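Please open the structure in a viewer and keep the sequence beside it.

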Amino acid sequence: MNKTELISAVAAEAALTKKETKKAVDAFIKTVENAIGIGDNVTLFGFGTFTTVEKKSRNGVNPKTREPINIPAHKVVKFKPGSAFAEVIK
């Protein structure tokens, strides 16, 4: 499902126009991005938690040249599904 399909599905579920739903989805995404960007966690009970994780520096291999390279330390976003969401996945 892409963003357009998500907007259509949410609009149908909530009985809203696609224009209203697009604004809401965009606002949600921007709010999560801003919170994660400043180091906060975003927890939606029953759905899941977005957090940032620091990855250590490590050695890797350039797949094109097969030369060893150093992959620097960096942050990544991690999502852990909540218990209700995890049940739906099973």
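Begin by selecting K78, which is partly exposed at 47% relative accessibility; buried means under 20% relative accessible area, exposed over 50%, and partly exposed in between, with a 1.4 Å probe and protein chains only. The model is predicted, so local features need pLDDT of at least 70 and side-chain atom pairs count only at pLDDT 80 or more, while totals for chains, interfaces and linings use all residues. Residues are numbered from 1 along each chain as its sequence is written, and side-chain values use heavy atoms, with hydrogens and water left out.

K78 lies in strand β5, residues 74-81. Helices (H or I, at least four residues) and strands (E, at least two) are DSSP runs, numbered from the N terminus. Display the neighbours of K78: beyond residues up to four places away in sequence, K78 touches T49, F50, T51 and V53, where contact means heavy atoms within 4.5 Å. Then draw a C-alpha to C-alpha distance from K78 to L44; these residues are 34 apart in sequence and 14 Å apart in space.

Is T51 buried or exposed? T51 is buried, with a relative accessible area of 18%. Apart from neighbours within four places in sequence, T51 is in contact with I36, N41, V76, V77 and K78.

**The nonpolar core**

Select V32, A35, I36, V42 and F50 together, the five residues of the largest nonpolar core. Such a core is a set of buried Ala, Val, Leu, Ile, Met, Phe, Trp, Tyr and Cys residues joined through side-chain atoms within 4.5 Å. Helix α2 gives the most to this core, with three residues. In soluble globular proteins, nonpolar side chains tend to be buried together. Within this selection, centre on A35: leaving aside neighbours within four places in sequence, A35 is in contact with D40 and V42.

**The largest pocket**

Which residues line the largest pocket? Select L6, V25, F28, I29, V32, E33, F47 and F50 to show this lining. The space in the pocket is about 230 Å³. On a 1 Å grid over the protein atoms alone, a pocket is an open set of points where a 1.4 Å probe fits, with protein on both sides within 12 Å along at least five of seven lines, and lining residues have an atom within 4 Å of a point. Grid points are joined across faces, edges and corners, and the volume is the space filled by probe spheres set on the points. Helix α2 supplies the largest share of the lining, five residues. Colour the lining by residue class to find seven nonpolar residues, no polar ones and one charged. Here Ala, Val, Leu, Ile, Met, Phe, Trp, Tyr, Cys and Pro count as nonpolar, Asp, Glu, Lys and Arg as charged, and the others, Gly among them, as polar.

Follow helix α2, residues 18-37, to T21. T21 is buried, with a relative accessible area of 1%. Not counting residues up to four places away in sequence, T21 touches I7, V10, A11 and L16.

Now select A15, in the loop between α1 (3-14) and α2. A15 counts as exposed, at 70% relative accessibility. Although A15 is not a glycine, its phi is positive, about 55°. Most residues other than glycine have a negative phi.

G39 is in the loop between α2 and β1 (42-44). With a relative accessible area of 46%, G39 is partly exposed. Draw a line from the C-alpha atom of G39 to that of V53: the two residues are 14 apart along the chain, and the separation is 9.7 Å.

V61 has P68 as its bridge partner in β4, and G60 stands opposite I69. Six residues lie between the strands of this hairpin, where R66 takes a positive phi near 65°. R66 counts as exposed, at 64% relative accessibility.

Definitions and conventions
Two strands pair if DSSP finds at least two bridges between them.
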